[in-house]
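Work through the exercises below. Try each task before reading its solution.

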Amino acid sequence: LPARSEMCIRDSGEPVAEGGVGAGTGAVAGQLKGGIGTASVRLASGATVAALVAVNAAGSVVDPRTGVLFGEYGAGEPPAHPPAEVHAAAERRLAREREATEAAGGGAPPFNTTIAVVATDADLTRAQAQKLAGTAHDGLARAVRPVHLLTDGDTVFTLATGQVRVPPGDPAAVNEILAAGADVLARAIVKAVRAARGTEGPGGRLLSYTELYGD
C-alpha cells in the first residue's frame, strides 16, 4: 500500500499510471473523458487508506455553474474555480460537440460502470471491510452527479491486509478509516478526470477536462 498522500505505488515503487490507461482507455465521465485515478492517505493511527478507480460514469463530474469538479468540494481546501470566461467558453464548446454527436446519430444514454477498489493495511474484520465499501460510495456520490442510476453499475471492492492493528471495541478508530475511504475515492475520481486526455471515438470527439479548463 502507498505511503504517499497523492498516488498509489506499485510493488516496484513506480507510480500507478492514471488517465486513459487500462480500463480507463474508453471510459467516459458524463460528457468528458474518464479514466483511472488513485489517491491515498496515511492516518494519525498509522493506517493507510487508498483508492484506485476506473471512472466511467453516466453522471457529470463537473459543476455546471462553475466548472469546478464536484469531487473538489469539501476536500479540505478551497477548490480552484476557473475564470468565468473560461467556464463559459468550455460550456459553449461542449454544446457544439454535443450537437455534432447528435447530428451524427449518436448521443444515446450510456450504460456505464464506475468500479473502484478501496484498500487499507488496517486489520479490519469482514463486517468492517464491508462497511468501508459502503461508506466509500459516499465519495463516489460527492464526485459524480447524478450517481447510482439504472444506467450505472457502480461497484466498490474493499480489501484489508491486516498489518496495522485496530483496537477492538474502539469505534472511533474504525470510523476514521471509514471516513477516509470516502475522501480518497472522491480525490481519486478528481485525479482520474484531470489525468485523462481527449480522444476520438465512433460518436465523435470526447473532450477532456484539461482541454476545456487547462491544467
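**Exercise 1.** Find the element that holds Ile115, and decide whether Ile115 is buried, partly exposed or exposed.

*Solution.* Start with the element: Ile115 lies in strand E5. Strands (E, at least two residues) and helices (H or I, at least four) are DSSP runs, numbered from the N terminus. The model is predicted: local features need pLDDT of at least 70, side-chain atom pairs count only at pLDDT 80 or more, and totals for chains, interfaces and linings use all residues. Residues are numbered from 1 along each chain as its sequence is written, and side-chain values use heavy atoms, leaving out hydrogens and water. Next, the class: Ile115 is partly exposed, because its relative accessibility is 39%. Buried means under 20% relative accessible area, exposed over 50%, partly exposed in between (1.4 Å probe, protein chains only).

**Exercise 2.** Locate the salt bridge of Glu72 and describe both partners.

*Solution.* A salt bridge puts a side-chain nitrogen of Lys or Arg within 4 Å of a carboxyl oxygen of Asp or Glu. The partner of Glu72 is Arg194, at 2.6 Å, N to O. Glu72 sits in the loop between E4 and H1, Arg194 in helix H3, 122 residues apart. Glu72 is buried, at 12% relative accessibility. Arg194 is partly exposed, at 25%.

**Exercise 3.** Which helices does the salt bridge between Arg142 and Asp183 link?

*Solution.* First, the distance: the side chains of Arg142 and Asp183 meet at 2.7 Å, N to O. Then the elements: Arg142 belongs to helix H2 and Asp183 to helix H3, 41 residues apart. Arg142 is partly exposed, at 33% relative accessible area. Asp183 is partly exposed too, at 38%.
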